[in-house]
Amino acid sequence: MPANASFQDYQQQALKTLTEGRAYRGERAGAEAALNAPQEWRPIGPVRGGVLLVHGLGDSPWSFRDIGQALARQGFLARTVLLPGHGTQPADMLDVRMEQWRDVVESQAALLQRDAGHIYLGGFSTGANLVLDHAYRHPEVAGLLLFSPAFRSSVSLDWLAPALRYVRPWLIETSLQSETIPVRYSMVPTNGFAQFYRSSRVAQDHLASAPFDRPVLMVLAAGDSVVDVAYAARTFHARFTHPASRLIWYGKQQPPADGDPRVLSRTDTLPEWRISQFSHMGVLFAPDNPLYGPQGSLKLCRNSRDGDAIRACEQGAQVWYSDWGYTEAGKVHARLTFNPYFDLQTQVMAEVMEAGEKSAVRAGASSPHF
């Protein structure tokens with residue numbers, strides 16, 4: 001992408017790729033392409049700064065629909081990106097490389113800084129690895145927003161993915177049935193996991209090299225089945241050193257953060273919402289999200305390998321919510337795709353970013369001007 005291109009140029013180019021590439025969507029391709037396209041939310045008043053938001057593996061810019069709107073209400077110019085290989089069909093990720101994802105973050109962060117002044121970066125899951133990498137290499141980044149950061153996978157054999165992708169391109173074959181969710185992939189090729197693994201190693205190397213001293217918001221769900229949340233919590237305590245940084249922990253037990261006073265804990269068992277535990281993805285979405293809220297149009301019934309539970313959910317049985325694989329006698333569980341604490345999380349996010357804003361102003365005041 002040319003250095004002088006606008007975000008609107010990037011957005012239109014992505015929309016064209018999406019419209020042409022959504023092979024499984026038929027007549028819905030146009031509308032669903034718009035859902036997956038990079039988005040921008042502008043504040044009504046003056047722009048306080050910019051926030052670039054980067055989605056996770058197999059996901060899309062829709063991940064940040066609610067957070068982007070909240071940031072705009074707080075005065076920030078918020079933008080999302082679409083990582084190469086995403087938003088069209090899973091096979092488009094067969095040959096993608098982590099470096100391509102890094103290039104998108106690099107170019108769009110530079111463009112946002114040009115348009116908004118000082119910037120923050122936000123990332124979900126694999127996207128958190130990508131924004132951490134960028135922030136370590138760019139000290140002008142004011143702070144980070146890390147949602148379910150995938151610094152380390154919950155799967156101990158993830159290191160095999162870079163080699164396995166050559167001999168087994170798909171761990172599970174894709175199908176039309178698996179492509180029914182309009183804003184994310186239900187599965188990705190082995191190469192997708194390989195590039196995620198590479199991004200996690202980059203993140204771990206940065207974290208081992210030096211502490212990160214700018215404000216960070218980290219959000220973790222104790223029941224997350226995707227990432228090693230204990231490692232992430234210990235990382236917050238040991239490596240994210242700014243006093244205004246905050247870890248929001250959703251779980252019944254306290255996180256392994258050695259009593260860090262910067263940790264805010266909330267239970268993730270909420271019977272009034274029929275929530276048994278929080279999930280990897282649910283932290284991102286407000287309860288009124290039109291797709292993922294409890295009254296939304298999407299319900300992720302394939303939340304385990306229990307065929308009876310899946311069928312009951314699909315046939316309209318009352319469901320409880322959890323992360324992947326959670327079971328409990330007498331209850332049918334769908335994936336939790338919303339966060340009852342979203343407003344609280346948004347307020348804590350604002351406080352962390354205010355600290356980053358003050359740091360950025362001080363740094364600017366002390367820097368020489370040529």
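A disulfide is a pair of cysteine sulfur atoms within 2.5 Å. In this predicted model, Cys301 and Cys313 make such a link, with 2.0 Å from S to S. There is one disulfide in the structure, and there are 13 aromatic pairs.

**The disulfide**

- A disulfide is a covalent bond between the sulfur atoms of two cysteines.
- The bridge here joins Cys301 to Cys313, and with -65° about the S-S bond it is left-handed.
- Cys301 sits in the loop between strand S8 (263–266) and helix H9 (307–314), while Cys313 is in helix H9, so the bridge ties together parts that are 12 residues apart in sequence.
- Are these two cysteines buried or exposed? Both Cys301 and Cys313 are buried.

- To describe a pair of aromatic rings, you give the distance of the centres and the angle of the planes.
- The structure holds 13 aromatic pairs, and Phe7 with Tyr10 is one of them: the ring centres are 5.8 Å apart and the planes are at 50°, so this pair counts as tilted.
- Where do Phe7 and Tyr10 lie? You'll find both in helix H1 (residues 7–21), three residues apart, which is about one turn of the helix.
- Phe7 has a relative accessible area of 0%, so Phe7 is buried.
- Tyr10 comes in at 9% relative accessibility; buried means under 20%, so Tyr10 counts as buried too.

- As for burial, Phe278 and Tyr341 are both buried.

**A cluster of rings**

- Which residues form one aromatic cluster? Look for Tyr136, Phe151, Phe212, Phe236 and Phe240, which group together as one cluster.

**Charges over rings**

- Arg152 is placed over the face of Tyr231, at 3.9 Å from the ring centre.
- Lys331 is placed over the face of Trp320, and here the distance from the ring centre is 3.6 Å.

Methods:
Residues are numbered from 1 along each chain as its sequence is written. This is a predicted model: local features need pLDDT of at least 70, side-chain atom pairs count only at pLDDT 80 or more; totals for chains, interfaces and linings use all residues. Side-chain values use heavy atoms; hydrogens and water are left out. Helices (H or I, at least four residues) and strands (E, at least two) are DSSP runs, numbered from the N terminus. Buried means under 20% relative accessible area, exposed over 50%, partly exposed in between (1.4 Å probe, protein chains only). Rings of Phe, Tyr and Trp (its six-membered ring) pair if their centres lie within 6.5 Å; planes under 30 degrees apart count as stacked, over 60 as edge-to-face and the rest as tilted. A charge sits over a ring if NZ of Lys or CZ of Arg is within 6 Å of the ring centre and within 35 degrees of the ring normal.
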